[in-house]
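Colleague: Hi! Could you walk me through this one? I'd like to hear about cavities and a helix.
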Amino acid sequence: MAVRRVLLAEPRGFCAGVEMAIKALSWMVRVFEAPVYCYHEIVHNQIVVDRFRELGVIFVDTVEEVPEGAPLMLSAHGSAPEVVLAARDHGRFVVNAVCPLVTKVHHEAKTRARKGYTVLYVGHAGHDEAVGTLAEAPEAIRLVEHPEDIESIAATIADPSRVALLAQTTLAMGDWTDVMDEARERFPDLWTASRNDLCFATTNRQEALTLIADRSDAVIVIGSANSSNTLALAKVAEGAGSRIVLRIDGPDELDLEMIGDAEIVGVTAGASAPEELVNAVIAKLAPSEGIENVRVTDEDEYFPPPRELRDLLPSLDILLSVALGGDPDKARELGGAFRDDRTVSASVVLETLKN
Ligand code: SF4
């Protein structure tokens, strides 16, 4: 049976942090001679990473792989303090594209540790964001992946009245509340941020998906397998009772057989998945009655470029204009001048880089 309608979650796809990081790396690609280096994947999306690779960006897992004096970007997920320090050695030009909301959790981890708290950090072992946050106060932080972990960790905590609970920004809401309930029971004086650490982009996307999941015969979540917020979206859809939940990187992975006889298909995308993939997936679904947008809120958050690029702002536009033969309109055609950063979207910049 053919798909009749697509329920399209809003918001979906790129969040303000990913927008900022992609545009910042695009700036580096346009301004510096290749290769530009990036510590870890700029965002967890294969298509975005591959597109930058084609432009000569080299992704590395250690800063030692980056030659002296080379331009280097640190990814949106945040890096351990010793990585940031090592990156700045040897005359490298370093742009730290960490999302400000991840920085906020880093700051809280340090502050609570300084105040003598044991910090329980709810996150995924080995995920770049978790690794970076744990490194902020390794002596005071314990990683919690499941509610059951609380019991064994509790036995090692000397002062149960000084325990704080922080979280990776991209968790599924249910995973966070399960651990929080368990921790509150164990530690009645538990400290948590007044609003939890799950970021607005994570919660908005999950909320929008919840609205469409129980109206859909199948749900498609677009995003890469190593993207935490994408996996959280798939979990939310399953939790909402969706019969079929597919997580795909893009249209090439969509086999229409997999959605069986679904007539109504819900579609969303993780925070690092480009809108062009959403469009391509919907084109493949070819809904006979079209698309219904289901919006929970408008997102108008904007994160300005990393400080290191902002400091270079005047020279960047001059450099670009010189590179383009002084033609002011040419810069706009190529994705905008630096001063246009707020109005130009990362999707447009990515599309432009492809041409
Ligand atoms: Fe920042 Fe949230 Fe986006 Fe992560 S998902 S980059 S924390 S806005």
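Modeller: Happy to! For residue classes, Ala, Val, Leu, Ile, Met, Phe, Trp, Tyr, Cys and Pro count as nonpolar, Asp, Glu, Lys and Arg as charged, and the others, Gly among them, as polar. This is a predicted model, where local features need pLDDT of at least 70, side-chain atom pairs count only at pLDDT 80 or more, and totals for chains, interfaces and linings use all residues. Residues are numbered from 1 along each chain as its sequence is written, and side-chain values use heavy atoms, leaving out hydrogens and water.
Colleague: How many cavities of 30 Å³ or more does the search find?
Modeller: Two, over the whole structure. A cavity is a set of points on a 1 Å grid over the protein atoms alone where a 1.4 Å probe fits but cannot get out, and lining residues have an atom within 4 Å of a point.
Colleague: What volume has the largest cavity?
Modeller: About 310 Å³, counted as the space filled by probe spheres set on the points, which are joined across faces, edges and corners. Of its 24 lining residues, the closest to the centre are Cys-15, Val-18, His-77, Thr-170 and Asn-229.
Colleague: And the lining by class?
Modeller: The largest cavity is lined by 12 nonpolar, 11 polar and one charged residues.
Colleague: Switching to α9 (228-239), which residues are buried there?
Modeller: Among them are Ser-228, Asn-229 and Leu-233; buried means under 20% relative accessible area with a 1.4 Å probe, protein chains only.
Colleague: What follows just after α9?
Modeller: Gly-241, with a positive phi of about 90°. Helices here are DSSP runs (H or I, at least four residues), numbered from the N terminus.

Terms used
On a 1 Å grid over the protein atoms alone, a cavity is a set of points where a 1.4 Å probe fits but cannot get out, and a pocket is an open set with protein on both sides within 12 Å along at least five of seven lines; lining residues have an atom within 4 Å of a point. Buried means under 20% relative accessible area, exposed over 50%, partly exposed in between (1.4 Å probe, protein chains only). Helices (H or I, at least four residues) and strands (E, at least two) are DSSP runs, numbered from the N terminus.
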